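Hi,

Here is the structure I promised to pass on. Have a look at it first, then read my notes below.

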Amino acid sequence: MTETSPENDGSGATGTAAQANTPALEMEGVRKVYEVADEEVVALDHAELIVGSNEIIALVGPSGSGKTTLCSIAGGILSPTEGKVIVGGNDISGYSAKQLTEFRRDSVGFVFQTVNLIPFLTARENLLVVDEISGRDRKRANKRADQLLEELGLADRAGNLPSQLSGGQKQRVAIGRSLMNEPSLVLFDEPTSALDTKLGDQMVELIREEMKSRGTAAIIVTHDERITGYADRTVHITDGRLEA
Amino acid sequence: MSLALKELRRRPGRFGVATVILTLIAILLMFLGGLLDGLTAGNTGAIRAQQADLIVYSATSQDSLVRSRIDPPERRQVEQVKGVDSVSELGSVQLGARIEGKGPRDLVPVVLFGYESASTGLPTTPTKPGEAWADDSLESEGVETGDILKIGPERSPVKVIGFVNDTRYTGQSTLWASMETWRKVQNENRSDARVAPGVSQALVVQAASGANANDLAISVDRATNDQTSSLTEDEAISALPGVESQQRVFNQIIGLTVLIAIIVVALFFALITVERIGLYGVLKALGARSGSLFAGVLLQAVIVTLIASVIGAIAALAMAAVIPPGSIPFIATGSRIAGSAFFLLLAAVIGCAFSLRRVLKVDPAQAMGAGQ
Ligand SMILES: Nc1ncnc2c1ncn2[C@@H]1O[C@H](COP(=O)(O)OP(=O)(O)OP(=O)(O)O)[C@@H](O)[C@H]1O
Ligand SMILES: [Mg+2]
């Protein structure tokens, strides 16, 4: 047990080393069909996608094209109707609900389309909630939360409730929360939709920094073409079909 | 877990209504229980004070003291039974008492008992003719040591030489005198039911150590050729007029109150759970298990119920302290308070169970806002 290894270096380095060859995400022939009142909505069809171990992908497409659906499947929130989903080398397409819960807890980070912070918890506690769920080492979690808040420029807002934070600050808390469980893949569902252009740019820049410093892979959903500049690669989606 | 606690602390208003209603229910529950205990104590004190293994009535008495007569030969038969350690006599007469310093029409109903010194729950000091120990409920009627009460239509004088505690009978105050004094008062005032010397109403039996009371009851009745009906102390208490029906009625009301508590918790936490579906969706998306989310609901319900129970207990104790003795028969016992709190907690757990399905059903996908 070496207490000296700083967390960002430590976890980031080992994460990269272990997964250097394994893609963060592989989707093979994924199809998702929603059934609504006897009608079938095909939200995702023949989706093929590989996200490298520390790659940042921008997923761009019009409203209703299936972006959120893709993220939900990649993050183990939804199961695909057909196809294979492999995250960090593990095929999660056959997972039970319980296995998926554990998978979400341990392996992925989410930033939801609507920020979804817990209203009665402070910024710092919103990060620590992740740790309460997984029941990990409290001391380590406190350290990590403080470090993330610092990095995200929220150190002086740690004790504020979400209602006392601006839209951008809330968004940053949500980013911090998604990184608490040291995930190998983070899914950002329109992290800039509620922000103005300048703030949106800053936010994506921040996301890029956070991802690159940790060697974490990410999918950033957006319908703002400008943001794609911060990504390593852009994937387009229309009517549930992906095209590079 | 700590999430549930933080919500309780930071949003107390959300739980205020439930806490108030459950507190009222707790107070009601403990008040009803205390009243039942008070009434039962007032009905059964005289029998409990015997600390008897058996109370022996005559066979035709339907186990009622006033209808029962035990003659000296029966007493001797009972004394011969193997396993009987000691036998003493008991007699009672219910009359109106005139208290010194009160108006001549101001009668207090009392039951005058005759007993022998063997009764362990009462003073063993034998009372002289015309003297009696008084139950302390008579103190609140203004009776003092040394007072002479005039008992019954014939105004038989009985001098109070001191007080005993928790010896009431069928809700009335009691006087404890010698068997001779009882026979004298009975014969003076109840010319229709005179008793000859040596006759009593019941026998109080102490079993020899190791003897089983139920078996002994059978042997005693066999020894008297079924001229007697022997009851254990618990049976004798249940046989007292009104005790069982009183307990049944109160327990029904208490049961109904617990049922209402279940409904209150069920409705209230179902409501809170519905309000929290969004929150649960997010937590599930972050990897929280349904079980731990439900444990949080349970924890909140248990804490709210504990708060209600503590306030209820304080109210019950305060009530017991404030109520003047002799007015309302209310006592607050630890076991009653703990029992009420236990039933409320049970109600909270059962009430919460109705929300379990809803918590399980929450879909983490809704946190993603897919399809909105
Ligand atoms: N739970 C659902 N039930 C039925 N249909 C759904 C559900 N969720 C999504 N859909 C449908 O699937 C399609 C893709 O939805 P999705 O939410 O993935 O789109 P999106 O690209 O994220 O859109 P937006 O940019 O508006 O967020 C849409 O046609 C939508 O109506
Ligand atoms: Mg979407």
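Which residues of chain B are linked in a network of salt bridges? They are R75(B), E79(B), E89(B), E116(B) and R183(B). A salt bridge here is a side-chain nitrogen of Lys or Arg within 4 Å of a carboxyl oxygen of Asp or Glu. Over all chains, this rule gives 24 salt bridges.

Some ground rules before we go on. This is a predicted model, where local features need pLDDT of at least 70 and side-chain atom pairs count only at pLDDT 80 or more, while totals for chains, interfaces and linings use all residues. Residues are numbered from 1 along each chain as its sequence is written, chains are lettered from A and ligands numbered from 1 in the order in which they are written, and side-chain values use heavy atoms, with hydrogens and water left out.

**Where chain A meets chain B**

The contact (heavy atoms within 4.5 Å) takes in 26 residues of chain A and 22 residues of chain B. About 2200 Å² is buried between the two chains, and carbon and sulfur atoms give 67% of that. Buried area is the accessible area (1.4 Å probe) that two parts lose on being put together, summed over both. On the chain A side, F120(A), E132(A) and I133(A) lose the most area to chain B, together 28% of what that side buries.

The rule finds 1 salt bridge across this interface: R10(B) and E125(A) meet there, N to O, at 2.6 Å.

**Helix α4 of chain A**

Which element gives the most to the side of chain A that touches chain B? That is α4(A), with 5 residues. Helices (H or I, at least four residues) and strands (E, at least two) are DSSP runs, numbered from the N terminus. In α4(A), 10 of the 12 residues are buried, meaning under 20% relative accessible area, with exposed being over 50% and partly exposed in between (1.4 Å probe, protein chains only). The buried residues pack against α3, α5 (138-151) and α6 (167-179) of chain A, together with α1 (2-10) and α8 (277-285) of chain B. Just after the helix, G135(A) takes a positive phi of about 60°.

**Salt bridges within chain A**

R140(A) pairs with E182(A) in a salt bridge, with the closest N and O atoms 2.9 Å apart. R140(A) sits in helix α5 and E182(A) in the loop between α6 and β7 (185-189), 42 residues apart. Both ends are partly exposed, R140(A) at 41% and E182(A) at 26%.

R208(A) and D232(A) form another salt bridge, at 3.2 Å. R208(A) is in helix α7 and D232(A) in the loop between β8 and β9, so the pair ties together parts that are 24 residues apart in sequence.

**The two domains of chain B**

Chain B is divided into domain 1 (2-44 + 243-371) and domain 2 (54-231), with bounds from an automatic or database domain assignment. Their centres, taken over C-alpha atoms, are 46 Å apart. About 420 Å² is buried between these domains, with 0 salt bridges and 4 residue pairs in polar contact.

Cheers

Terms used:
Polar contact = N/O pair within 3.5 Å; in protein donor to acceptor, adjacent residues only side chain to side chain.
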